[in-house]
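Keep the structure open as you read.

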Amino acid sequence: MSALVLVFAIPLAGALVLALIGHRPQARNVNVIFSLGTLLAAALLTAQIIASGPLFALERQFFIDPLNVFLVTLTAFVGFTTSVFSRPYMRIEEDHGRMTPGRMRLYFSMYQLFSFTMLLALTTNNMGILWVAMEAATLTTVMLVSIYRTPASLEAAWKYFILCGVGIAQALFGTILLYMAAQRVIGEGANALLWTNLDAAKSQLDPAIMALAFVFLFIGYGTKVGLVPLHNWLPDAHAEGPTPISAVLSGLLLNVALYAVIRCKVLTDGALGNHFASQLMIGFGLLSVVAAAFFLSRQKDVKRMFSYSSIEHMGLMTFAFGIGGPIANFAGLLHMTVHSLVKSAIFFAVGHAAQKAGTQLMENIRGLIKVSPTVGWGLMLGTLAILGMPPFGIFASEFLILTSAMRQVPWATPLLLLGLGIAFAAIFSRVQPMVFGQTSAKPLAHSPALLPVFTHLGLGLMLGFYIPPYLDAWYRQAARIIGG
């Protein structure tokens with residue numbers, strides 16, 4: 001239990017400390033230290049789960065099992081590497097006058113608070129606290145997206161707040177319906193919203209109420225996932241906010257929202273005894289893959305392009321979990337992990353590339369391989385990885401998803417291949433001249449943080465060849481929990 005308390009206490013303390021000293025130059029290092037502390041606490045919690053199995057804490061209000069333990073570690077790890085990337089990136093933004101001392105204090109304190117809300121959402125056993133954590137994550141990221149205070153960033157933050165606010169209100173109504181179904185079986189009180197209690201009694205829950213509850217929960221949390229047609233906030237938030245926030249939005253927040261959907265699906269499947277939830281997830285997942293692929297081909301801003309790529313990949317994961325079964329669920333969990341690592345690495349490289357060129361427009365970013373070979377190769381390798389080229393881990397997960405689709409929903413396979421093919425052509429045709437074209441850009445005044453880029457890509461490559469035994473065991477156990 002002490003490890004779990006540290007997982008919460010460290011980022012919360014970091015938010016308070018950085019709210020006081022975030023305007024000072026050493027705040028960049030303090031942010032890294034607190035993020036490292038959170039990672040070490042997550043590693044300690046992971047070791048505890050390996051040794052003792054699933055864990056309850058704080059009067060069963062928190063629960064760690066194979067479905068969320070690897071996501072806790074992944075969230076802490078990407079949060080740490082993004083804080084390392086932020087050091088030179090935010091220093092350059094400050095030199096360019098885009099970040100004032102007040103904005104720096106807001107950025108660092110909200111960054112730590114955002115980490116806290118995501119970890120809270122992942123570990124809580126209470127579906128009501130899950131909703132509160134997701135709402136808190138929305139509020140903190142609204143502040144981060146609008147931090148530049150430009151008209152475009154304020155518009156993006158406002159759109160994000162309105163769309164996700166409406167979505168999270170739907171999730172609240174779904175949670176109320178879930179409580180209505182539970183109190184008839186479990187009784188009144190907070191225990192009726194504990195996921196483990198709901199899971200144990202799911203076959204006794206009223207099917208009609210549960211079906212309606214899942215619709216609202218899926219719409220609400222699906223808005224945060226970025227599923228089409230609820231995706232409109234995501235490209236603007238990625239394009240107008242600081243690049244480190246784009247990395248954690250794509251690499252972490254979308255995962256947490258999808259995790260919430262999966263927890264709700266498990267309960268709905270048990271209550272209804274049919275494929276209602278699965279069919280919704282398959283339909284909206286497939287729609288997101290195909291629609292995002294076509295949107296990709298029209299983008300001119302590099303961060304907007306990769307944000308649509310995130311929509312495509314979240315749709316692919318939703319589709320996989322909708323299919324269900326041991327293989328598709330395993331593939332969805334693997335894809336969730338590798339996408340987080342690779343997409344955040346891409347945003348790291350894109351952030352430095354945009355700073356070198358002074359713009360996010362792809363037509364004005366050229367010759368990265370000459371200006372900074374490491375940034376250029378980082379972007380190119382990240383692009384090949386996210387497009388599913390072997391031997392990266394995304395190739396393995398996409399292959400498993402496609403073969404599962406061929407076996408269980410063969411009609412969807414051509415649409416999946418169409419979406420993946422269009423996305424490949426759209427992204428590769430734009431990234432290639434960005435990396436290898438002619439340029440007159442000058443190197444950055446401060447050395448970029450490239451260790452996070454190649455660390456993430458190295459892990460994504462490793463997962464294409466080898467999945468560590470504990471991670472493989474968690475994937476298999478989590479796949480059984482999800483069912484389908």
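In which helix is Ile162 found? Ile162 is found in helix H6. Helices (H or I, at least four residues) and strands (E, at least two) are DSSP runs, numbered from the N terminus. The model is predicted, so local features need pLDDT of at least 70 and side-chain atom pairs count only at pLDDT 80 or more, while totals for chains, interfaces and linings use all residues. Residues are numbered from 1 along each chain as its sequence is written, and side-chain values use heavy atoms, with hydrogens and water left out.

Ile162 has a relative accessible area of 35%, which makes it partly exposed. Here buried means under 20% relative accessible area, exposed means over 50%, and partly exposed is in between (1.4 Å probe, protein chains only). Ile162 belongs to a nonpolar surface patch of about 470 Å², together with Leu139, Trp158, Phe161 and Val166. Patches are made of residues with over 30% relative accessible area and no salt bridge; like charges are joined within 9 Å, and nonpolar side chains (Val, Leu, Ile, Met, Phe, Trp, Tyr) within 5 Å. A salt bridge is a side-chain nitrogen of Lys or Arg within 4 Å of a carboxyl oxygen of Asp or Glu. Areas come from the Shrake-Rupley method with a 1.4 Å probe; for residues, only the protein chains shown count as cover. Helix H6 (residues 151–183) gives the most to the patch, four residues.

Now go inside. The largest nonpolar core has 163 residues. Such a core is a set of buried Ala, Val, Leu, Ile, Met, Phe, Trp, Tyr and Cys residues joined through side-chain atoms within 4.5 Å. Tyr107, Tyr221, Leu258, Phe306, Phe321 and Leu379 touch the most other members. Helix H10 (residues 243–272) supplies the largest share of this core, 19 residues. Apart from it lies another core, of 16 residues, including Leu316 and Val409. Not counting residues up to four places away in sequence, Phe306 touches Lys343, Ile346, Phe347, Val350, Leu379, Thr383, Ile427 and Val431. Contact means heavy atoms within 4.5 Å.

Seven of the eight residues of helix H9 (residues 233–240) are buried, so H9 is largely enclosed by the rest of the structure. Its buried residues pack against helix H5 (127–145), H6, helix H8 (207–225), H10, helix H12 (302–323) and helix H13 (325–357). In H13, 30 of the 33 residues are buried, so this helix too is largely enclosed. The 33 residues of H13 should span 48 Å at 1.5 Å a residue, and the end C-alpha atoms are 46 Å apart, which agrees. The expected span is 1.5 Å times one less than the number of residues. Just after H13, Gly358 takes a positive phi of about 75°.

Turn to the loop between H8 and H9, the place of Asn232. Asn232 touches Lys159 and Leu163, not counting residues up to four places away in sequence. The peptide bond from Val228 to Pro229 is cis, with omega near 5°.

Most residues other than glycine have a negative phi, and most peptide bonds are trans. Arg149, in the loop between H5 and H6, has a positive phi of about 60°.
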